[in-house]
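Hi,

Here is the structure I promised to pass along. Have a look at it first, and then read on for what turned up.

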Amino acid sequence: MVTVIDYGVGNLFSLRSSFAFIGEDVRVTGDIKEIEAAKKLVLPGVGAFGDAALKLRETGIDRILKEKAAENTPIMGICLGMQLLSEVSYEYGKHEGLGLIGGKVRPIKDVAPQVKIPQIGWNSLVFYKKHPVFKYVSDGDFVYFVHSYFFDTERTNVIAATDYGSLLTAAVAAGSIVGCQFHPEKSGKTGLSILRGFCEWEGDL
Amino acid sequence: MITKRIIPCLDVRNGRVVKGVNFEGLQDVSSPVDLASYYSDNGADELVFYDITASAEGRALFTDALKKVAERIFIPLTVGGGINSVDDFDRVLKCGADKVSVNSGAIADPELIKKAAAKYGDQCVVLSVDAKRVDGKFCVFAKGGRVNTGMNAIEWIKRGVSFGAGEIVLNSIDTDGVKKGFDIEMLAAATEAVDVPVIASGGAGSVGDFITLFKSVPEVSAGLAASVFHFGEIAIPYLKQKLKEQNISVRL
């Protein structure tokens with residue numbers, strides 16, 4: 001059973017449908033008690049970092065996520081949800097993240113001034129290392145991205161990158177936490193296989 | 001490398017696909033779910049559902065159909081047609097749309113782009129523009145291409161992006177339906193004017209037209225078409241293979 005955190009940011013229809021489609025029980029909830037009791041968490045999100053970080057703080061979900069991470073509960077951040085795992089974001093100002101994975105969120109423009117922003121579309125994954133969540137995915141497989149900012153983190157945290165004017169972080173992992181900059185729920189069979197990998201994962205390496 | 005997207009556009013009336021034709025192995029070509037699955041399994045990078053219904057009943061049937069598609073197909077879905085308010089955005093997003101395309105609704109009220117972008121993010125708002133040459137200038141047409149607004153298309157696109165549109169679909173009325181190729185000149189002008197992705201629409205008749213599009217205007221992000229895909233004149237896997245042979249990056 002996967003618990004998708006609903007904190008009023010983004011559209012959770014596809015995420016719920018994707019887990020249901022692969023036969024996984026899924027609960028979409030903003031209830032603190034349910035999130036506290038969850039065995040596996042997904043932190044989604046689209047929109048602006050500052051607003052989303054504020055909502056996590058206001059609801060107290062930020063504190064619970066940190067506790068769950070400390071207990072080694074598998075947590076997957078998706079898109080903005082992945083960026084929220086970072087320490088800080090420079091999207092419209094400076095905003096503090098959850099600090100679960102070291103690094104900062106920066107504009108793609110900083111490292112790739114020549115490309116169109118946002119990156120919208122299918123791009124391929126360049127794997128830096130293996131990870132159980134991505135066991136069904138191969139180097140060069142395509143996934144769907146929509147983003148203007150990227151997670152600048154230590155190479156050791158990066159599972160896969162994608163080439164968009166520069167090599168940008170596509171997937172991160174540290175301990176029981178993983179994050180995808182792309183949308184697995186919109187990435188066809190490849191994306192569903194990543195969600196399946198997450199459902200089968202117990203947080204170990 | 002990011003790939004060029006190939007996007008079939010499906011017209012839907014009362015929850016059924018209009019102009020659906022016979023595909024081998026496809027039982028019901030007017031079923032949005034069946035046709036969407038077919039395209040999703042056969043190389044489409046994204047799908048556009050265009051609601052051409054006029055009545056409230058038809059609209060309800062459309063959202064029902066959209067929901068069924070979104071529960072089964074896991075590639076990006078864009079919805080257009082009859083989007084005039086933030087409530088309309090809300091209605092289709094709740095049923096599983098990822099992006100919403102506005103056309104006449106944004107012409108009538110450009111603030112709609114701002115309001116929707118503030119609420120759902122720029123990535124969610126697609127500005128669809130029907131443009132046609134009038135006295136050598138690209139003019140924006142509203143109401144399905146029937147009414148000349150007198151607005152300059154390139155200026156309108158720039159304004160839309162400054163208001164928060166995250167993508168542009170540019171449909172050239174001059175080339176639409178002629179099947180002699182995309183409007184290279186108009187598309188080049190649009191891609192020069194804005195930084196956000198521009199999707200080419202109108203004029204696809206052959207594989208060669210897509211090759212010409214991406215070779216002549218490499219800044220174009222995607223090619224959108226309807227009938228050439230629906231009538232099986234171009235099979236998307238074959239099209240993508242041919243694009244790849246021309247060193248145009250595609251998802252295979």
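Let me start with a loop residue: Tyr92(A) sits in the loop that runs between strand 5 and strand 6 of chain A. Its phi is near 50°, which is a positive value in a residue other than glycine. Tyr92(A) counts as exposed, because 11 C-beta neighbours lie inside 10 Å. As background, most residues other than glycine have a negative phi, and most peptide bonds are trans.

Please keep in mind that this is a predicted model. The predictor gives the complex an ipTM of 0.91 and a pTM of 0.94. For chain B the average pLDDT is 93, and 97% of the residues score at least 70.

**More on the backbone**

Chain B also has a positive phi in a residue other than glycine: that of Lys179(B), near 60°. Lys179(B) belongs to the loop between strand 9 and helix 7 of chain B. With 16 C-beta neighbours inside 10 Å, Lys179(B) counts as partly exposed.

Back in chain A, the peptide bond that leads from Ile117(A) to Pro118(A) is cis, and its omega is near 0°. You will find Pro118(A) in the loop between helix 6 (108-111) and strand 8 of chain A.

Two glycines come after helices of chain A. Gly60(A), which follows helix 3 of chain A, has a positive phi near 80°.

**Where the chains meet**

How many residues of chain A are in contact with chain B? The contact involves 25 residues of chain A and 24 residues of chain B. On the chain A side, the elements that give two or more residues are helix 1 (13-21), strand 8 (119-124), strand 10 (142-147) and helix 7 (188-199). Strand 8 of chain A gives the most, with 5 residues. Sorted by class, that side of chain A has 11 nonpolar, 10 polar and 4 charged residues.

In helix 3 (residues 49-59) of chain A, the residues Phe49(A), Ala52(A), Ala53(A) and Leu56(A) are buried. Seen down the axis of helix 3 of chain A, these residues fall within an arc of 100°, so they line one face of the helix. They pack against helix 4 (61-70), helix 5 (80-83), strand 5 (88-89), strand 6 (95-96) and strand 7 (104-107) of chain A.

**A helix pair in chain B**

Two packed helices are described by the angle between their axes and the distance between the axes. For helix 1 (residues 32-41) and helix 2 (residues 56-72) of chain B, the angle is about 35° and the axes are 9 Å apart. The crossing of helix 1 and helix 2 of chain B is right-handed. From helix 1 of chain B, Pro32(B), Val33(B), Ala36(B) and Ser37(B) meet Ala65(B), Lys68(B), Val69(B) and Arg72(B) of helix 2 of chain B. By class, this contact has 5 nonpolar, 1 polar and 2 charged residues.

**Two last residues**

Is Lys33(A) buried or exposed? Lys33(A) is exposed, since 9 other C-beta atoms lie within 10 Å. It lies in helix 2 (residues 32-37) of chain A. Lys33(A) and Ile64(A) are 31 residues apart along the chain, and their C-alpha atoms are separated by 9.6 Å.

In chain B, Asp109(B) is found in the loop between helix 4 (104-108) and helix 5 (111-120). Asp109(B) is partly exposed, with 14 other C-beta atoms within 10 Å. Between the C-alpha atoms of Asp109(B) and Lys143(B), which are 34 residues apart along the chain, the separation is 14 Å.

Best wishes

Conventions. Residues numbered from 1 in each chain as written. Chains lettered and ligands numbered in written order. Predicted model: local features only at pLDDT ≥ 70, side-chain atom pairs only at ≥ 80, totals over all residues. Axes fitted to C-alpha atoms, helices over the stretch in contact; angles between N-to-C directions. Helix = DSSP H or I, 4+ residues; strand = E, 2+ residues; numbered from the N terminus. Left-handed = near helix turned anticlockwise from the far one by under 90°. Contact = placed C-beta atoms within 7 Å. Nonpolar A, V, L, I, M, F, W, Y, C, P; charged D, E, K, R; others polar. pLDDT = per-residue confidence, 0-100. Buried ≥ 20, exposed ≤ 12 C-beta atoms within 10 Å, placed from the backbone. Arc of directions from axis to C-beta.
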